[in-house]
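The entries follow in the order of the look-ups.

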Amino acid sequence: MRRSILLLLVTIGLTFIGCQKENNYVVGVDKRIINATFYDNSYSVCVTSDYDWEAVSNNEWITLTKDVGTAGASQLDITVAQNPNIEGRKGSIEFRAKGSNISKSLTVSQAANDFTFSVENVTATTADLSVTAKSESKTFYWYNVTDEDFTAYYERNTITLMNSIRDMLRSYIQMGAFPSWSSLLSRGFDSQSVKGLKPDTEYMMFAFGIDNSGNITSKEVSYIWYRTLPKE
C-alpha cells in the first residue's frame, strides 16, 4: 500500500526512449548526473559496453534493478529514495567493464526536502507529531490522515493536492470561518499530540508551503508514513 500510494503521488519521472551503443567506450553511460527531486522516484539510464559489466551503488538510498549486464546496450532503472533531510545530498554509481580496468561513474544529486517530520511516543491511539520547515520564516500547511482515507479522499497528484487544499482553505476564509491565512498556517515549526488514532493503522503526514497571501511555495508535497501499535 505504501509503495502504491507513493507511486500514485509521484508523476514526474524519466521515460526510457531508446538505447544505442556508444562508440569508443569500453563501458559507457548516457548520463553523467541525475538531478533527483527530494521524493522517491525512478530514473533510467542506458549502459553500453564492449564487455559484460557490473554496477555498484555507493549509497544505500540508491538502488538498482540489476547490478550486472551483458555486452552491448541495455537499460538500467535506478530508484532514489526520498530525502528525509532539509539539506541536499549526493551519491554515485560505479560501472565497471569485466575484463577491463575501465569504469565510469554516475553522480546522483538529490534536492533538499522542504520539511522534516518527527513521530514519537506512538501508541495504539496516540502519537506526538512535529513538522520542521527548512526556514524558520516559512509558512506551511500540514495534516495527518490515515493511509486509507488519503487514498479515498485526497488527490493523488501532488500538484493537484496542493491546489485543492489551497482552494479549500481560501473558501474557509471567504466564508468567515477563519480571519486570515496566517490563522490557518504554521510557521517554521509545529507540533501536536494527536489522540483518537486507530490501532494498528498506517497514517500519512504531509506538508507543503503556502504564504500568507495563499500562494503555494513548495514544488511538491513532503510526506512520511507511520503505523500505530496494535490494540492491547
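Which residue of strand 15 does N144 stand opposite? I looked this up in the predicted model and found M205 in that position.

Entry on the pairing. I then traced the two strands concerned. Strand 12 covers residues 139–146 and strand 15 covers residues 202–209. I recorded 7 bridges between them, in the antiparallel sense.

Entry on the packing. I noted that helix 3, residues 158–174, packs on the sheet and touches both strand 12 and strand 15. The direction of helix 3 makes about 75° with that of strand 15.

I followed the strand order as 13-12-15-16, an open sheet of 4 strands with antiparallel pairing.

Entry on T228. I moved on to the segment after strand 16 (222–227), where T228 lies.

I checked where the side chain of T228 reaches backbone atoms. The backbone oxygen of K198 is reached at 2.6 Å, and the backbone nitrogen of T201 at 2.9 Å.

Entry on the wider surroundings. Leaving aside neighbours within four places in sequence, I listed the contacts of T228: V122, T123, A124, L197, K198, P199, D200, T201 and Y203. K198 and T201, reached by the side chain of T228, are among them.

Technical notes: Residues are numbered from 1 along each chain as its sequence is written. This is a predicted model: local features need pLDDT of at least 70, side-chain atom pairs count only at pLDDT 80 or more; totals for chains, interfaces and linings use all residues. Side-chain values use heavy atoms; hydrogens and water are left out. A polar contact is a pair of N or O atoms within 3.5 Å; within protein, one must be able to donate a hydrogen and the other to accept it, and residues adjacent in sequence count only if both atoms are side-chain atoms. Contact means heavy atoms within 4.5 Å. Two strands pair if DSSP finds at least two bridges between them. Axes are lines fitted to C-alpha atoms, for helices over the stretch in contact, and angles run from 0 to 180 degrees between N-to-C directions.
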